[in-house]
Amino acid sequence: DLDFLLQICEEYMQHCGTVPIMKSEPTPAACIQAEDILGRLVELVQGSLASKCLLARCKFLVNDFESARFIIEKVIKCDKNYSQAQLLLARIYLFEENYSQATSTLEAAIAASFEVRGMPIYYLIKA
């Protein structure tokens, strides 16, 4: 069941933190488990944007920005109105210190959904 496996991955990812680890730090076991499950899900259910978005978030948290950006850009190409994907891409650009791209991606997230303005992550990225 896809939804059940995504819930399990969400639980794993709660133990991975909210900011990327340093390159010198070991990858948390929860991130490894989530990435393994999500990698299989993405292969088996290629149309699942939620699993791709979670996988991109997992890659982001383990400091693999290039892979995360590649995955999340594919998600956005499939659904430009997926505001969570837009927010993650903005965070990736922010951590890569590409501030102009982060700002324009944040604007795209707002265009996709005005509810983004009510989310705390919006204000963290905006700052």
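Tutor: Let's start with a cut-off: a residue counts as buried when its relative accessible area is under 20%, as exposed when that is over 50%, and as partly exposed in between. One more thing to keep in mind is that this is a predicted model.
Student: What does A34 touch, leaving aside its neighbours within four places in sequence?
Tutor: A34 is in contact with C9, Y12, M13 and C58.
Student: And how far apart are A34 and I8?
Tutor: In space they are 8.0 Å apart, C-alpha to C-alpha, while in sequence the separation is 26 residues.
Student: New topic: K59. Where does K59 sit?
Tutor: K59 is part of helix 3. K59 has a relative accessible area of 16%, so K59 counts as buried.
Student: What does the side chain of K59 pair with in a polar contact?
Tutor: The partner is the side chain of E35, with a polar contact of 2.6 Å.
Student: Which residues does K59 touch, not counting those up to four places away in sequence?
Tutor: Besides E35, K59 touches D64, S67, A68 and I71.
Student: Let's do aromatics. How many aromatic pairs are there?
Tutor: The count comes to three aromatic pairs. One of them is F60 with F95: the ring centres are 5.3 Å apart and the planes are at 75°, so this pair is edge-to-face.
Student: Why edge-to-face?
Tutor: Because planes over 60 degrees apart count as edge-to-face.
Student: Which parts does that F60 and F95 pair tie together?
Tutor: F60 lies in helix 3 and F95 in helix 5, so the pair ties together parts that are 35 residues apart in sequence.
Student: What about F65 and F95, how are their rings arranged?
Tutor: Their centres are 6.2 Å apart and their planes are at 40°, so the pair is tilted. F65 belongs to helix 4 (residues 65-78) and F95 to helix 5, so here the linked parts are 30 residues apart in sequence. As for accessibility, F65 is buried at 14%.
Student: What do the ring pairs link into a cluster?
Tutor: F60, F65 and F95 are linked into a cluster by ring pairs.
Student: What is the lining like by class?
Tutor: There are 10 nonpolar, four polar and three charged residues.
Student: Last one: where is E107?
Tutor: E107 lies in helix 6, residues 99-112. With 45% relative accessibility, E107 counts as partly exposed. E107 and A90 are 9.4 Å apart in space, C-alpha to C-alpha, and 17 residues apart in sequence.
Student: Great, thanks!

Note on methods. Residues numbered from 1 in each chain as written. Predicted model: local features only at pLDDT ≥ 70, side-chain atom pairs only at ≥ 80, totals over all residues. Heavy atoms only, no water. Nonpolar A, V, L, I, M, F, W, Y, C, P; charged D, E, K, R; others polar. Helix = DSSP H or I, 4+ residues; strand = E, 2+ residues; numbered from the N terminus. Buried < 20%, exposed > 50% of the residue type's maximum accessible area, 1.4 Å probe, protein only. Polar contact = N/O pair within 3.5 Å; in protein donor to acceptor, adjacent residues only side chain to side chain. Contact = heavy atoms within 4.5 Å. Phe/Tyr/Trp six-rings, centres within 6.5 Å; stacked < 30°, edge-to-face > 60°.
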